[in-house]
Amino acid sequence: MQGEYTTMRNTKEELIKAGARLFHRCSFQGTGIADILKATNTPKGSFYHFFNSKEDFGLAVLDYHLENFQELTEKTLGEASMPPLQRIEVFLSFIKQGLVDSAFVCGCPFGSMAQEMSCLSEAMRTKLDASFTQMKLSLARCIAAGQAEKSVKPELDAEESASFIFSAMEGALILGKTAQSAEPVDVVIKMTRTMLLSA
């Protein structure tokens, strides 16, 4: 019984990981359930055992991406051994590296999904909005930590600054994909430091 449960759990995880990879590269609507089944060598009945619909599956994929994002923020923005400004630069550099490693095909999985699905699925729009809010708060906490140790300008509003940086980074990823270049992201990283750095 335990072995059967483990197999089912592994199958579900494999489907979600494959969906995350394919949606990121080929878009949500550009990827069919058949593509996911082929990538995982999974029968169709197994997919519908775990997920009621493709939208339901998409929500699970977003949860998976959010878990990965939380791990990234913990080892960058939450790394207390580094100064807050350095944490932010390392965090943004990790995001940049993901764009470069994908040969400028994959930007932010949340941003890509938001552009595609926010007007088509209220459930996905709501989850994306909550995810973006959580991401911005992680960045805002790091900015506030910098203000507490006087390395970040005290007159800045931490949450507004985080929202600005996050929005700029999302736009830079789109421009980077279009230009096939990391330069737009490099500009955001540079200007973020200029904006935050206390004199």
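# Helices, core and pockets: a guided visit

Guide: This protein has nine helices and zero strands. The model is predicted, so local features need pLDDT of at least 70 and side-chain atom pairs count only at pLDDT 80 or more, while totals for chains, interfaces and linings use all residues. Residues are numbered from 1 along each chain as its sequence is written, and side-chain values use heavy atoms, with hydrogens and water left out.

Visitor: What makes a stretch of the protein a helix or a strand?

Guide: Both are DSSP runs, numbered from the N terminus: a helix is H or I with at least four residues, a strand is E with at least two. Read along the sequence, the pattern here is α-α-α-α-α-α-α-α-α.

Visitor: Why is Ala60 called buried?

Guide: Buried means under 20% relative accessible area, exposed means over 50%, and partly exposed lies in between (1.4 Å probe, protein chains only). Ala60 has 18% relative accessibility, so Ala60 counts as buried. Ala60 lies in helix α4.

Visitor: Which residues does Ala60 touch?

Guide: Contact means heavy atoms within 4.5 Å. Leaving out residues up to four places away in sequence, Ala60 touches Ile16 and Phe51.

Visitor: Is Gln134 buried or partly exposed, and why?

Guide: Gln134 has 31% relative accessibility, so Gln134 counts as partly exposed. Gln134 is found in helix α7. With residues up to four places away not counted, Gln134 touches Leu66 and Gln70.

Visitor: How much of the protein is buried?

Guide: Buried residues make up 42% of the 199 residues. Helix α6 (residues 109-117) is mostly covered, with seven of its nine residues buried. Among them are Phe110 and Met113.

Visitor: What makes a nonpolar core?

Guide: A nonpolar core is a set of buried Ala, Val, Leu, Ile, Met, Phe, Trp, Tyr and Cys residues, joined through side-chain atoms within 4.5 Å. The largest one here has 53 residues. Leu15, Phe51, Phe57, Ile88, Phe110, Met113 and Ile143 have the most contacts inside it.

Visitor: What does Leu15 touch?

Guide: Leu15 touches Ile36, Leu37, Thr40, Thr42, Phe47, Phe50, Phe51 and Phe57. Residues up to four places away in sequence are not counted.

Visitor: How do you know how many disulfides the structure holds?

Guide: A disulfide is a pair of cysteine sulfur atoms within 2.5 Å. The structure holds zero disulfides.

Visitor: What makes a space a pocket?

Guide: Take a 1 Å grid over the protein atoms alone, and a 1.4 Å probe. A pocket is an open set of points with protein on both sides within 12 Å along at least five of seven lines. Lining residues have an atom within 4 Å of a point.

Visitor: What is the volume of the largest pocket?

Guide: It is about 720 Å³. Of its 33 lining residues, the closest to the centre are His24, Leu72, Ile95, Gly107 and Pro109. Helix α5 gives the most to this lining, with eight residues. A volume is the space filled by probe spheres set on the grid points, which are joined across faces, edges and corners.

Visitor: What classes of residue line the largest pocket?

Guide: The lining has 19 nonpolar, seven polar and seven charged residues. Here Ala, Val, Leu, Ile, Met, Phe, Trp, Tyr, Cys and Pro count as nonpolar, Asp, Glu, Lys and Arg as charged, and the others, Gly among them, as polar.

Visitor: Which residues lie nearest the centre of the second largest pocket?

Guide: Thr73, Leu77, Gly78, Ser138 and Arg141 do, out of 13 lining residues. The elements giving two or more residues to this lining are α4 and α7. Helix α7 gives the most, with six residues. The volume of the second largest pocket is about 170 Å³.
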